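Hello,

I am passing on the structure we spoke about, followed by notes on what turned up in it. Please read the notes with the model open.

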Amino acid sequence: MAMRRVAFHGRHLLSSPHLFRRHMSTEPMAALDRIRNSGLLKTQGLVGGKWIDSYDGKKIEVQNPATGDVIASVPCMGTKETTDAISSAYSTYSSWSKLTAAERSKALRNWYDLIIKHKDELALLITLEQGKPIKEALGEVSYGASFIEFFSEEAKRIYGDIIPAPLSDRRLLVLKQPVGVVGAITPWNFPLAMITRKVGPALACGCTVVVKPSEYTPLTALAAADLALQAGIPPGALNIVMGNAPEIGDALLKSTQVRKITFTGSTAVGKKLMEGSASTVKKVSLELGGNAPCIVFDDADIDVAVKGSLAAKFRNSGQTCVCANRILVQEGIYEEFAKAFVKAVQGMQVGNGLVEGTSQGPLINEAAVQKVEKFVNDATSKGANVILGGRRHSLGKTFYEPTVVSNVNRDMLLFKDEVFGPVAPLVPFKTEEDAISMANDTNAGLAAYVFTKSIPRSWCVSEALEYGLVGVNEGIISTEVAPFGGVKQSGLGREGSKYGMDEYLRG
Ligand code: NAP
């Protein structure tokens with residue numbers, strides 16, 4: 001965890017010369033003003049409905065990865081603030097869980113309406129603190145809001161069961177009840193959607209929540225929480241703490257009042273949280289890292305395959321858990337695909353996400369760029385060829401050139417691990433069996449993609465892939481109506497859809 005605890009000076013932001021470049025209306029300063037004017041620039045934690053600072057006054061700076069400028073500073077919280085947030089969630093649980101489903105549904109629906117009403121400000125905030133292009137940020141707001149809308153409806157459909165009793169004078173009922181207080185820990189790559197995908201079903205079921213957003217992207221979480229309060233979600237039902245991640249995590253894990261941990265993030269941290277949940281036997285959901293194969297067969301429609309694999313690889317500059325991490329291409333189509341794919345990648349515009357036309361923003365931090373460099377160097381040292389990009393972008397900061405690497409094989413880091421950056425490794429294969437064997441040769445199992453015109457092959461390969469989600473001739477596969485989640489070490493439990501409710505219920 002990289003702490004940035006320097007105090008924020010407004011002058012720093014005002015004096016940055018590059019804020020006055022062209023496209024002034026879409027540049028950071030104007031964007032920040034617009035967010036501030038809407039009242040959604042919240043820079044304190046939320047505990048029991050009150051906006052608070054950290055008890056020792058420490059702060060973390062939130063930076064714009066596209067410019068390096070400080071956007072705001074937020075409290076660096078730890079054990080004490082988290083303990084108070086848990087207490088507040090615990091005391092609110094008794095009233096929130098007793099509301100009727102219709103009452104909870106209405107509050108959630110109001111929240112959804114407010115998120116949509118403020119979609120532009122929320123999208124600007126996402127682009128400012130996370131870096132993704134504004135078009136993608138708007139897409140995230142719609143996607144994030146869709147979970148609140150969907151679960152506002154599901155709140156009314158929590159059915160139990162009646163089981164025929166073995167004795168004639170008995171009746172057996174299964175009653176579904178909320179699990180209790182939930183601790184939700186979320187990553188930076190989807191600052192809104194990874195929160196609403198958890199908080200939506202939790203609140204719908206009658207749980208109350210303590211959310212810890214990433215230190216890199218707390219502002220979107222705080223703005224969304226403010227809208228939740230405005231929507232009538234009672235103080236204490238949704239609390240936000242941020243700062244010292246291990247301290248906050250430990251406080252959530254150790255508390256006997258927290259009955260569920262839901263986490264999206266790296267596999268390493270997920271394993272720690274799973275282990276830490278054992279001492280108080282909490283219910284656990286984990287959405288962890290992926291290593292998605294994208295398999296392009298000889299019989300694929302090449303335009304569909306290029307468009308789909310481009311979308312699957314380069315969304316959020318390669319920083320999503322479902323990003324195509326290995327593009328496996330059958331020998332008969334390899335050269336043709338590589339040529340068309342490189343041409344498409346060349347057409348992508350790298351830059352500040354607020355500037356119109358940008359399709360590739362910066363990476364989240366310097367460590368992310370160094371990881372990408374390490375993976376590319378490892379591949380070239382073992383015989384792969386960089387056929388496009390392969391360097392830091394001339395824009396500097398954490399921009400990296402959209403990159404295509406050919407002739408990647410099983411021995412390379414690009415094959416074995418999640419690169420989490422804008423690097424597309426092309427891996428040639430001969431037969432369907434080879435492709436399945438390579439695709440499954442990993443401990444991850446989140447998303448996979450298959451491009452083929454053969455219907456029998458699409459079924460056969462999809463079923464042989466050890467993955468939670470498989471897209472066929474499609475590169476964008478997430479939706480609130482379908483269950484999302486991994487197998488093997490990509491996680492436990494499902495988010496979204498009617499199955500997402502089960503994670504917050506007992507009975
Ligand atoms: P990360 O380092 O695991 O961080 C995720 C969250 O955990 C952040 O809020 C982080 O806080 C917090 N954290 C870190 N150490 C902790 C600890 N010891 N105790 C408690 N919390 C702790 O992951 P990331 O780099 O933000 O996200 C990228 C990873 O998430 C990738 O592997 C990606 O595949 C995965 N991901 C998975 C899904 C999915 O649905 N399966 C979706 C999105 C992302 P700080 O940031 O404040 O340090």
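Strand β12 (residues 283–287) has four of its five residues buried, so the strand is largely enclosed by the rest of the structure. Please keep in mind that this is a predicted model. Strand β11 (residues 258–264) runs parallel to β12, and five bridges join the two. Within this pairing, Phe 263 stands opposite Leu 286 of β12.

Ser 277 belongs to helix α10, which covers residues 267–277. Is Ser 277 buried or exposed? Its relative accessible area is 2%, under the 20% limit, so Ser 277 counts as buried. A polar atom of the Ser 277 side chain lies 2.8 Å from the backbone oxygen of Leu 273. Apart from neighbours within four places in sequence, Ser 277 is in contact with Leu 253, Ile 261, Lys 282 and Val 284.

**The seven-stranded sheet**

Seven strands make up an open sheet with mixed pairing, and their order is β15-β16-β17-β14-β13-β18-β19. Which strands stand at the edges? They are β15 (385–388) and β19 (469–472); each has a single partner strand, so one side of each is left without a neighbour in the sheet. On average, neighbouring strands of this sheet are turned by 25° against each other, direction ignored.

Inside the sheet, β13 pairs with strand β14 (residues 324–330) in the parallel sense, over five bridges. Val 296 stands opposite Val 329 of β14. Helix α12 packs on the sheet and touches β13, β14, β15, β16 (403–406) and β17. The direction of α12 makes about 140° with that of β14.

**Aromatic pairs**

How many aromatic pairs does the structure hold? There are six aromatic pairs, and two of them are described here. In general, a pair of aromatic rings is described by the distance of the centres and the angle of the planes.

One of the pairs is formed by Phe 297 and Phe 429, with ring centres 5.6 Å apart and planes at 85°. Planes over 60 degrees apart count as edge-to-face, so this pair is edge-to-face. Phe 297 sits in the loop between β13 (292–296) and α11 (302–314), while Phe 429 is in strand β17 (residues 423–429), so the pair ties together parts that are 132 residues apart in sequence.

Phe 337 and Phe 341 form another pair, which is stacked, at 5.4 Å centre to centre with 15° between the planes. These two residues are four apart in helix α12 (residues 331–346), so about one helical turn separates them. Phe 337 is buried at 0% relative accessibility, and Phe 341 is likewise buried, with a relative accessible area of 0%. Together with Phe 314, Phe 337 and Phe 341 form one aromatic cluster.

**Charges over rings**

The charged end of Lys 42 sits over the ring of Trp 51, 5.4 Å from the ring centre. Lys 132 lies over the face of Phe 190, at 4.0 Å from the centre of that ring.

**Single residues to check**

For Asn 407, phi is positive at about 55°, although the residue is not a glycine. Asn 407 lies in the loop between β16 and α14 (413–416), and it is partly exposed, with a relative accessible area of 35%. Asn 473 also has a positive phi, near 55°, and is a residue other than glycine. Asn 473 lies in the loop between β19 and β20 (491–492), where it is partly exposed at 34% relative accessible area.

Lys 374 lies in helix α13 (residues 366–381). At 53% relative accessibility, Lys 374 is over the 50% limit and therefore counts as exposed. How far apart in space are Lys 374 and Ala 237? They are 43 Å apart, C-alpha to C-alpha, and 137 residues apart in sequence.

Regards

Key:
Residues are numbered from 1 along each chain as its sequence is written. This is a predicted model: local features need pLDDT of at least 70, side-chain atom pairs count only at pLDDT 80 or more; totals for chains, interfaces and linings use all residues. Side-chain values use heavy atoms; hydrogens and water are left out. Buried means under 20% relative accessible area, exposed over 50%, partly exposed in between (1.4 Å probe, protein chains only). A polar contact is a pair of N or O atoms within 3.5 Å; within protein, one must be able to donate a hydrogen and the other to accept it, and residues adjacent in sequence count only if both atoms are side-chain atoms. Contact means heavy atoms within 4.5 Å. Rings of Phe, Tyr and Trp (its six-membered ring) pair if their centres lie within 6.5 Å; planes under 30 degrees apart count as stacked, over 60 as edge-to-face and the rest as tilted. A charge sits over a ring if NZ of Lys or CZ of Arg is within 6 Å of the ring centre and within 35 degrees of the ring normal. Two strands pair if DSSP finds at least two bridges between them. Axes are lines fitted to C-alpha atoms, for helices over the stretch in contact, and angles run from 0 to 180 degrees between N-to-C directions.
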